[in-house]
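Let's walk through some side-chain contacts, starting with rings and ending with charges. Have the viewer open and follow along.

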Amino acid sequence: MTARSAAEDTPSPAEATPDARKQDRRARRHSQAREEILEAARGLILRGGIPTATLEAVAKEIGVSKAALYYYFPSKDALLFELTYEALVGHAHAVEEAVEAAPDGAAALGAVVRETVGSFAPRLDDFRLAFLHGQLAARGAVHFDAEQMARIRPLNTLVLGGAT
């Protein structure tokens, strides 16, 4: 008896059941709609600041009802969190990789700075969004709940943990 890989056990799209294909299409549509919403909110924020990124404005931007947005994001705070979180994830992993390659603490700290500047210099809008969460929370403009903050903390550890 030979061991089969997971890829061999997974049916090809042509072999998948109609229900599996339907679920796959639904998941792709959900993901695409979610990304469209995030991109619309991002554009609104970058053009006019946080106050312009209301759920009504985001809905109007993509041509859906405000109620439709609630299917993807339960609140404006949740939408803003996901927007800032996405900007932080890539940065955190890039910094972690650069810090792991550093021979000592001083080099690690330098790697944090270099990677931060290097990754965000060509994308200043992403820098603004990545660090938006701290500005928003400090001003009381949004509230990120404990679960959202628990998602952010490991990213902070990736960025700064290795340098310590």
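Phe-81 is buried, and Tyr-85 is buried as well (buried is under 20% relative accessible area, exposed over 50%, partly exposed in between, with a 1.4 Å probe and protein chains only). Bear in mind that this is a predicted model, where local features need pLDDT of at least 70 and side-chain atom pairs count only at pLDDT 80 or more, while totals for chains, interfaces and linings use all residues. Residues are numbered from 1 along each chain as its sequence is written, and side-chain values use heavy atoms, with hydrogens and water left out.

Both Phe-81 and Tyr-85 belong to helix α5 (residues 76-100), where they are four residues apart, about one turn of the helix. Helices here are DSSP runs of H or I with at least four residues, strands are E runs of at least two, and numbering goes from the N terminus.

Now for the rings themselves. Searching the whole structure turns up two aromatic pairs; rings of Phe, Tyr and Trp (its six-membered ring) pair if their centres lie within 6.5 Å, and planes under 30 degrees apart count as stacked, over 60 as edge-to-face and the rest as tilted. Tyr-71 and Tyr-72 make an edge-to-face pair, because their planes stand at 90°, with the ring centres 4.9 Å apart. Tyr-71 counts as exposed at 58% relative accessibility, and Tyr-72 as partly exposed at 23%. Phe-81 and Tyr-85 give a stacked pair, at 5.6 Å centre to centre and 25° between the planes.

The side chains of Arg-151 and Glu-82 meet in a salt bridge at 2.6 Å, N to O (a side-chain nitrogen of Lys or Arg within 4 Å of a carboxyl oxygen of Asp or Glu). Arg-151 lies in helix α9 (residues 146-160) and Glu-82 in helix α5, so this pair ties together parts that are 69 residues apart in sequence. Arg-151 is partly exposed at 29% relative accessibility, whereas Glu-82 is buried, with 12% relative accessible area.

Which residue forms a salt bridge with Glu-82 at 3.1 Å? That's Arg-34, which is buried too. Zoom out, and Arg-34, Glu-35, Glu-82, Glu-86 and Arg-151 are linked in a network of salt bridges.
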